[in-house]
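The following note sets out numbered remarks on the structure shown below. Please read each point against the coordinates.

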There are 2 protein chains.
Amino acid sequence: MPKDRLVLFVMDGVGDLGITPLECAKKPNLDKLAKDGILGMFSPLGRGVVPGSGTSHLQLFGYPFEYYPGRGVLEALGAGVELKKGDVAFRINFATIKNNMIVDRRAGRISTDEAKLLEKILNMKIGNCQFIFKSTVEHRGALVLRGKNISSHIADTDPHSPGKVVEPQALDKRASSTAALLSTYLKKVNMALESHVINKKRKKEGLHQANFILLRGASSPRSVPNIKERFGINGCCVAGGALYKGVARYVGMNVLNVMGATGDKYTNLINKGKAVLRSLEDHHFVFLHTKATDSFSHDGDFEGKKKFIERIDRELVPYLIKSGANIIITGDHSTPVSFGRHTGHEVPILIYGNERIDDTTSFCEREAMKGGLGHIEGKDLMGMVLNLIGKGKIVGS
Amino acid sequence: MPKDRLVLFVMDGVGDLGITPLECAKKPNLDKLAKDGILGMFSPLGRGVVPGSGTSHLQLFGYPFEYYPGRGVLEALGAGVELKKGDVAFRINFATIKNNMIVDRRAGRISTDEAKLLEKILNMKIGNCQFIFKSTVEHRGALVLRGKNISSHIADTDPHSPGKVVEPQALDKRASSTAALLSTYLKKVNMALESHVINKKRKKEGLHQANFILLRGASSPRSVPNIKERFGINGCCVAGGALYKGVARYVGMNVLNVMGATGDKYTNLINKGKAVLRSLEDHHFVFLHTKATDSFSHDGDFEGKKKFIERIDRELVPYLIKSGANIIITGDHSTPVSFGRHTGHEVPILIYGNERIDDTTSFCEREAMKGGLGHIEGKDLMGMVLNLIGKGKIVGS
């Protein structure tokens with residue numbers, strides 16, 4: 001009987017160049033899937049296009065760019081905020097400033113646990129506007145403004161590199177009062193954070209303080225047809241990072257909170273594997289995400305990326321094999337260690353299950369280039385998913 | 001550090017069928033690039049579509065068909081005419097007529113030097129209309145009409161095969177005075193050319209006289225966003241042929257006049273190689289073009305095409321390798337020797353630099369079909385260029 005379940009496993013930023021981490025990693029389980037399955041090369045947003053993480057995941061779920069609501073909305077949804085119509089959401093970074101200069105955009109990559117302790121003091125009300133703040137993973141978080149006459153037409157204050165502190169700026173007249181509110185908020189935030197015990201401790205330890213927040217991706221929620229309406233399947237998300245949970249929630253998947261799924265290199269892969277097995281009982285489509293391959297790439301850490309792939313192979317992949325479901329394994333984009341950022345190079349993709357079997361024997365870029373799937377674009381992936389689980393609708397007659 | 005420069009080298013009409021010139025040519029340098037790079041097959045305007053040279057090059061630079069201004073404009077720009085709003089430009093052929101019949105559409109492929117001597121007498125004023133004439137390479141040239149109330153709605157007078165002389169015809173009422181002007185001009189042209197010393201000499205030598213001109217591609221200039229505005233890069237063109245220089249100029253590249261770059265089989269490839277090296281100093285994107293592979297194909301000359309590829313390998317490719325830039329080598333279309341004209345067959349493409357490396361070892365059609373790039377379309381090329389030089393913008397976040 002054909003398998004009617006599927007796991008889409010996205011290793012964030014897994015694609016690389018040269019002799020790659022995937023190629024060097026010892027990964028007998030992934031290689032077995034390659035041997036018993038089929039490989040190809042994958043461009044989430046089209047050949048050569050450099051995908052953002054949000055836009056790419058949306059496309060993986062069958063939602064092209066026109067459905068992209070902005071980063072703030074996705075991050076806030078992922079952080080668990082129940083967004084209401086008219087809310088304005090931002091993705092934030094905890095950052096370190098000194099003499100009005102940003103000296104570290106990630107506040108020394110502050111730990112998730114420490115950042116969580118800062119959350120409470122950043123929730124406040126100014127005038128009629130409520131500021132809802134959630135920290136998520138490490139230096140990342142979401143900020144939501146709720147009130148009357150607020151606007152999302154606000155420029156990013158994150159310059160993406162160290163430099164002068166940027167004041168919130170309105171992109172049109174209607175947003176000027178929102179920009180002013182944000183200025184007031186950021187001053188209060190800076191003051192509150194400076195005197196927080198966590199930061200005093202960090203200072204003593206010679207660490208960068210999390211004494212400021214940077215804003216980007218201002219956006220307001222919108223309604224989209226959910227994955228059930230659009231494709232006739234129900235979906236479930238097993239991820240640690242807020243953005244990925246946010247995209248899944250945005251398209252109407254069930255989003256699990258898995259114990260120890262931290263969205264970083266310490267994430268508990270065994271718990272994630274178990275969560276996948278449970279989810280498959282009542283979901284056709286399970287989206288599984290690991291983040292650390294991307295983070296190691298951003299840090300230029302080849303060994304870290306390689307070893308994390310080896311841990312995935314050891315601790316997580318056995319659960320996928322055990323599940324008996326169709327399996328797709330790919331990335332949302334390449335993040336070559338040599339570039340240290342997202343690029344538009346293709347990503348290897350593996351399909352195992354109700355698909356053909358080719359001659360490839362190892363899951364890596366070099367082998368995937370010879371794979372029987374050829375070159376696939378993101379716009380075609382959800383159709384292939386539906387086909388694999390026997391839910392592809394006949395076109396015409 | 002990733003290379004942030006790129007040379008796009010277009011061998012015009014290089015693609016062929018059967019055992020091909022590329023396959024037979026001795027080309028150790030191109031083969032080394034294939035070995036250290038990656039191959040694929042390329043369709044400039046889509047699978048099976050037969051590209052014109054102008055439309056194909058425009059697409060190579062990231063400008064789809066909607067930006068195509070017409071052949072006349074591109075030829076005139078390439079010939080160095082400063083086009084003004086309202087000008088009407090034609091691509092012309094010197095031709096041979098006898099008793100009102102076209103007997104040779106290329107006037108015995110008159111040499112560039114001889115044609116240049118005919119140029120002066122073809123510049124004239126009739127009524128208020130100025131006729132600006134430029135010969136370019138061999139029988140090719142550009143004619144520009146400048147005056148009030150002239151129209152580009154004029155049918156081609158080039159029947160593309162020997163036959164009766166075609167009178168200039170208006171495609172709508174508003175163009176009828178322009179057609180009449182052109183008729184008068186062509187009569188004067190015929191008379192002036194018949195009595196020119198060059199033609200008397202050619203007649204004595206038993207060669208076809210250049211005693212007429214054929215018009216095609218009537219078009220008026222329009223403004224387009226230049227390559228810097230559109231893609232954030234500056235570009236430079238190293239080519240001999242007027243059309244290719246014209247397309248490059250149309251999209252805002254710097255167009256070099258390289259000594260000895262004639263746009264034919266006698267072109268000085270070493271000077272072109274040196275020009276590429278110089279251009280890379282202050283341009284992200286250098287477009288390099290050689291024409292003779294196409295011309296030999298049109299003439300059904302397999303050996304000539306093969307030997308020209310060998311000369312490219314010997315004299316030009318070493319400069320590309322020396323440059324240290326990313327390299328893309330392809331064609332604008334196939335011109336199989338057996339067809340003697342453009343076809344819609346794919347062209348091999350080679351990428352060397354910030355890309356993956358596949359198992360291919362030789363730059364030819366047979367090997368490129370097995371290449372790791374798979375099948376690429378022209379619409380995706382500029383995105384891939386930007387990605388290779390690290391200038392691809394992230395889509396969304």
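**Remarks on the predicted model**

1. Leaving aside neighbours within four places in sequence, B:Phe285 is in contact (heavy atoms within 4.5 Å) with B:Leu6, B:Leu8, B:Phe61, B:Ile227, B:Ile233, B:Asn234, B:Gly235, B:Cys236, B:Met253, B:Met382 and B:Val385. B:Phe285 and B:Phe61 touch the most other members of the largest nonpolar core, which has 86 residues. Such a core is a set of buried Ala, Val, Leu, Ile, Met, Phe, Trp, Tyr and Cys residues joined through side-chain atoms within 4.5 Å. Apart from it lies another core, of 49 residues, including A:Ile132, A:Ile227, A:Phe287 and A:Ile349. In soluble globular proteins, nonpolar side chains tend to be buried together.

2. On conventions, this is a predicted model, in which local features need pLDDT of at least 70 and side-chain atom pairs count only at pLDDT 80 or more, while totals for chains, interfaces and linings use all residues. Residues are numbered from 1 along each chain as its sequence is written, chains are lettered from A and ligands numbered from 1 in the order in which they are written, and side-chain values use heavy atoms, with hydrogens and water left out.

3. A:Thr343 lies in the loop between strand 14 (326-330) and strand 15 (347-352) of chain A; helices (H or I, at least four residues) and strands (E, at least two) are DSSP runs, numbered from the N terminus. With a relative accessible area of 1%, A:Thr343 is buried; buried means under 20% relative accessible area, exposed over 50%, and partly exposed in between (1.4 Å probe, protein chains only). The side chains of A:Thr343 and A:His345 are joined by a polar contact of 2.8 Å. A polar contact is a pair of N or O atoms within 3.5 Å; within protein, one must be able to donate a hydrogen and the other to accept it, and residues adjacent in sequence count only if both atoms are side-chain atoms. Beyond four places in sequence, A:Thr343 is in contact with A:Val49, A:Val50, A:Pro51, A:His333, A:Ser334, A:Pro336 and, from the other chain, B:Asn387.

4. A:Glu346 is also placed in the loop between strand 14 and strand 15 of chain A. Is A:Glu346 buried or exposed? A:Glu346 counts as buried, because its relative accessibility is 9%. Its side chain makes a polar contact of 2.6 Å with the side chain of A:His375. Residues of chain B, B:Arg356 and B:Gly372, are among the contacts of A:Glu346 outside four places in sequence, as are A:Arg47 and A:Ser334.

5. In chain A, the axes of helix 2 (residues 28-36) and helix 12 (residues 302-323) come within 7 Å and cross at roughly 55°. Axes are lines fitted to C-alpha atoms, for helices over the stretch in contact, and angles run from 0 to 180 degrees between N-to-C directions. Helix 2 of chain A and helix 12 of chain A are therefore oblique to each other; angles under 35 degrees count as roughly parallel, over 145 as roughly antiparallel, 65 to 115 as roughly perpendicular and the rest as oblique. Among the residues making the contact are A:Leu30 and A:Leu33 of helix 2, and A:Ile309 and A:Val317 of helix 12.

6. In chain B, helix 4 (residues 71-78) and helix 9 (residues 242-250) pack at an angle of about 95°, with their axes 6 Å apart. Helix 4 of chain B is therefore roughly perpendicular to helix 9 of chain B. Residues that meet there include B:Arg71 and B:Leu74 in helix 4, and B:Val247 and B:Tyr250 in helix 9.

7. Phi of A:Asn100 is near 65°, a positive value in a residue other than glycine; A:Asn100 sits in the loop between strand 4 (88-98) and strand 5 (101-104) of chain A and is partly exposed at 44% relative accessibility. B:His160, likewise not a glycine, has a positive phi of about 65°; B:His160 is in the loop between strand 7 (140-146) and strand 8 (163-164) of chain B and counts as partly exposed at 48%. Most residues other than glycine have a negative phi.

8. B:Asn271 belongs to helix 10 (residues 269-280) of chain B and is partly exposed, at 22% relative accessible area. A polar atom of the B:Asn271 side chain lies 2.9 Å from the backbone oxygen of B:Met259.
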